[in-house]
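Please prepare a short briefing on the structure shown below.

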Amino acid sequence: MKLFSIFHLLCFSFSFTLLAGELSTGVRIQQSIAMYNENGITLQYSPSNFLNNQLAFGVSYVSSRLGSAFNSNAILQDNIQLHSTYLFSSSSLSPSISLNAGYCFADYESQIFEEIDASMPLLSIEAGARYAFDFPLTMQAGLGYNLITSDGSSGVGTVYPLFVQCSFLWRFGL
Amino acid sequence: MKYLLLIIVLFIFGCAGEPNITDADLDGNVLFDPSIYSPEQYLISKSKPSPNEQEKQQPVIIVAHGYTATTFEWNEFKRYVDSTNAGILVSQVLLGGHGRTYQEFKNSSWKNWQESIIQEYQQLVKAGYRNISFAGSSTGGPLIVNLFAQSFFANTIKPKHVFLIDPIIVPANKSLSMIGIFGPMLGYIESGEMTNEERKHWYKFRPQETLQELLDICTITRKDLESGIRFPDSTSVSIYKSLYDDVVDRVSAVLLFNGIETKTPDMKKVSLPKSGIHVITRLEGRANVTEQDRVVQKNVFDEMIQDLKSKP
């Protein structure tokens, strides 16, 4: 798990050292199947002189605070993830696969529950598609599978296996 | 990852028409829950249908078992209560669709399961009982909590106390969330290792239709809790959740505690026993029971009796 995160960090840092590329930022909407809706922000970088602009690295923050837990008793849950995405073509519509790794932090809002794990690592795979509009907007959607979930006695119980996500990103040339 | 592998394995080996049910299984056509033959030994509405004025004030607790279980799950509690001469009446309901045959279970919905609890409550109120409480283990928990979410008690006698023993809101095995996708391909899921005693009192085979019903009641209750469920002013609640239970995720206790609103904060209690047993109130028939488990069970029973005997 740590190795994946280090890999992501290295790729992310390395890609920024390349001269040209595309930076995009936007919102990420995520819905776990039979569990929470979590929304947040995402930042993505695609180095132009690396795999023909078909590889992207990013970081995202999604939280139930901006979804199911907004004005409700749902568990406050924050997820920070690094992701790498490969596009199968450089055309405007392309299938994609992603590898995501990060951490989830939960807040149970009471000391009574201090014996229950309030954080856990996240590792997921995702398949989907990306569409780049003529103007600098990109839509990226995917179906993901969390490889790590709670077994009931460890981890955060509200991290569920299947999720769908959709991101809207505004592109900036570098 | 293990769930993904489990699904693939179940898909390859689990795709079968009907399960292989033997006469030694509750699922078959030979063994049935004894409350079907002798309801008066399990239901207070049948054993004491015409209480006198003193008996009407006696605490009565309706106990509801979990998914695939039977009245057996609350036998130990009833025996313990009777042995203490606490003056508490225990009414053991058999959830709809349970304790019968695999086919009857397969055809049942969570509303059918809940119907037995409603019926017994209504019968007790009709008979004149005034001091009624509830206890639900595992799936019995959300079935009872759902009644409060529906404002079922708005125009009737308010329950005095609600005890939730390892109530399921979030399952430990997260593959249940995908039952709608893979269930129809699987048909049913076989339970893990069971003792001979457990095979007489629990269904061994879980039809995918009932797993979908289980997911439904869990999801409905979770959403109700997110919106907040207001308990009547006179109703208090105690939640017991084993920390190392492998059936119900411990986050269920958090969701219930944060989602149930009682008149005062001290009317809501949560206890997290350091036990690996799902539903500590039932130890009989288990393969491995430690002295510590018996101590935890006795403590839970004693606390429940104390709460039931406390003045309204």
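Of the 174 residues of chain A, 40% count as buried; a residue is buried if 20 or more other C-beta atoms, placed from the backbone, lie within 10 Å of its own, exposed if 12 or fewer do, and partly exposed in between. This is a predicted model, in which local features need pLDDT of at least 70 and side-chain atom pairs count only at pLDDT 80 or more, while totals for chains, interfaces and linings use all residues. Residues are numbered from 1 along each chain as its sequence is written, and chains are lettered from A and ligands numbered from 1 in the order in which they are written.

**Overall make-up of chain A**

- Chain A contains one helix and eight strands; helices (H or I, at least four residues) and strands (E, at least two) are DSSP runs, numbered from the N terminus.
- Along the sequence, the pattern of chain A reads α-β-β-β-β-β-β-β-β.
- Among contacts in chain A between residues at least 6 apart in sequence, 57% join residues at least 24 apart, where a contact requires C-beta atoms, placed from the backbone, within 7 Å.

**The barrel**

- In chain A, eight strands form a closed barrel with antiparallel pairing, in the order E1-E2-E3-E4-E5-E6-E7-E8; two strands pair if DSSP finds at least two bridges between them.
- From one strand to the next, the twist averages 25°; axes are lines fitted to C-alpha atoms, for helices over the stretch in contact, and angles run from 0 to 180 degrees between N-to-C directions.
- Strands of a sheet pair through backbone hydrogen bonds, either parallel or antiparallel.
- Strands E1 (residues 21–32) and E2 (residues 37–47) of chain A run antiparallel and are joined by 11 bridges.
- Ser24(A) stands opposite Gln44(A) in E2(A).

**Leu143 of chain A**

- Leu143(A) lies in strand E7 (residues 137–146) of chain A.
- Leu143(A) is partly exposed because 13 other C-beta atoms lie within 10 Å.
- Not counting residues up to four places away in sequence, Leu143(A) touches Glu126(A), Ala127(A), Gly128(A) and Val164(A).
- Leu143(A) and Leu55(A) are 88 residues apart in sequence, and their C-alpha atoms are 18 Å apart in space.

**Contact between the chains**

- 28 residues of chain B are in contact with 26 residues of chain A.
- On the side of chain B that touches chain A, helix H1 (2–14), helix H11 (208–227) and helix H12 (251–259) of chain B each supply at least two residues.
- H11(B) gives the most to this side, with five residues.
- The residues of this side divide into 15 nonpolar, seven polar and six charged; Ala, Val, Leu, Ile, Met, Phe, Trp, Tyr, Cys and Pro count as nonpolar, Asp, Glu, Lys and Arg as charged, and the others, Gly among them, as polar.

Note on methods. Contact = placed C-beta atoms within 7 Å.
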